[in-house]
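Take a moment to look at how two protein chains can meet, and follow the contact step by step in the paragraphs below.

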2 protein chains.
Amino acid sequence: MTYIDIIGFLAAFGTTISFLPQAIKTIQTKDTSGISLSMYSLFTVGTLLWLIYGILSLSIPVAIANAITLIFASIILVYKIKYK
Amino acid sequence: MTYIDIIGFLAAFGTTISFLPQAIKTIQTKDTSGISLSMYSLFTVGTLLWLIYGILSLSIPVAIANAITLIFASIILVYKIKYK
């Protein structure tokens with residue numbers, strides 16, 4: 001594994017795991033006033049497309065990272081719709 | 001270009017552009033109470049690492065998409081720090 005690969009793994013880990021604290025905060029506070037519905041609608045669809053792309057192109061890292069992100073993004077989106 | 005490539009481009013477009021409505025909303029309302037500081041700290045660092053990875057691995061689409069996302073994410077992070 002080269003140092004470029006390591007940067008890629010750290011990048012994927014950072015952007016994937018970042019949605020976990022947002023999901024926890026949103027579940028705990030139900031405060032979604034500052035969260036953009038357009039953002040999470042677009043982002044959830046985009047992440048679903050990344051997951052499909054990862055599966056179809058047999059890219060396991062892309063599929064796994066986006067499956068995890070899709071769970072977090074969907075939770076935030078559902079809370080935004082429910083508690084807007 | 002195969003249909004898998006098209007799905008990949010749509011996915012990249014969706015997840016990149018999704019941060020634009022959030023940045024606009026945050027700039028206009030300054031309402032950051034529901035936004036997670038941990039999320040945008042992690043996400044901004046992650047996107048910067050993706051940008052570096054894209055440049056070092058000569059992957060122009062990865063570099064461009066993450067350069068755009070980095071701008072939006074940085075704006076949201078700065079507003080979160082300034083108006084928390």
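Buried area is the accessible area, found with a 1.4 Å probe, that two parts lose on being put together, summed over both. In this predicted model, chain B and chain A bury about 2,900 Å² between them, and 74% of that area lies on carbon and sulfur atoms. The contact draws on 34 residues from chain B and 34 residues from chain A.

Which helices of chain B each supply at least two residues of the side that touches chain A? They are α1 (3-17), α2 (19-29) and α3 (37-56), and of these α3(B) gives the most, with twelve residues. Sorted by kind, the residues on this side of chain B divide into 19 nonpolar, twelve polar and three charged. Across the interface of the two chains there are zero salt bridges by the rule applied, whereas twelve residue pairs, both at pLDDT 80 or more, are in polar contact between chain B and chain A.

The nonpolar side of the picture continues in the largest nonpolar core, which has 20 residues, and among these A:F19, A:M39, A:Y40, B:F19, B:M39 and B:Y40 touch the most other members. Both chains contribute to this core, for α2 (19-29), α3 (37-56) and α4 (60-82) of chain A, together with α2, α3 and α4 (60-82) of chain B, each supply at least two of its residues.

One member can be followed in detail: leaving aside residues up to four places away in sequence, B:M39 touches A:S18, A:F19, A:P21, A:Q22, A:M39 and A:Y40, as well as B:F19.

Definitions and conventions. Residues numbered from 1 in each chain as written. Chains lettered and ligands numbered in written order. Predicted model: local features only at pLDDT ≥ 70, side-chain atom pairs only at ≥ 80, totals over all residues. Heavy atoms only, no water. Contact = heavy atoms within 4.5 Å. Salt bridge = Lys/Arg side-chain N within 4 Å of Asp/Glu carboxyl O. Polar contact = N/O pair within 3.5 Å; in protein donor to acceptor, adjacent residues only side chain to side chain. Helix = DSSP H or I, 4+ residues; strand = E, 2+ residues; numbered from the N terminus. Nonpolar A, V, L, I, M, F, W, Y, C, P; charged D, E, K, R; others polar. Core = buried A, V, L, I, M, F, W, Y, C linked by side-chain atoms within 4.5 Å. Buried < 20%, exposed > 50% of the residue type's maximum accessible area, 1.4 Å probe, protein only.
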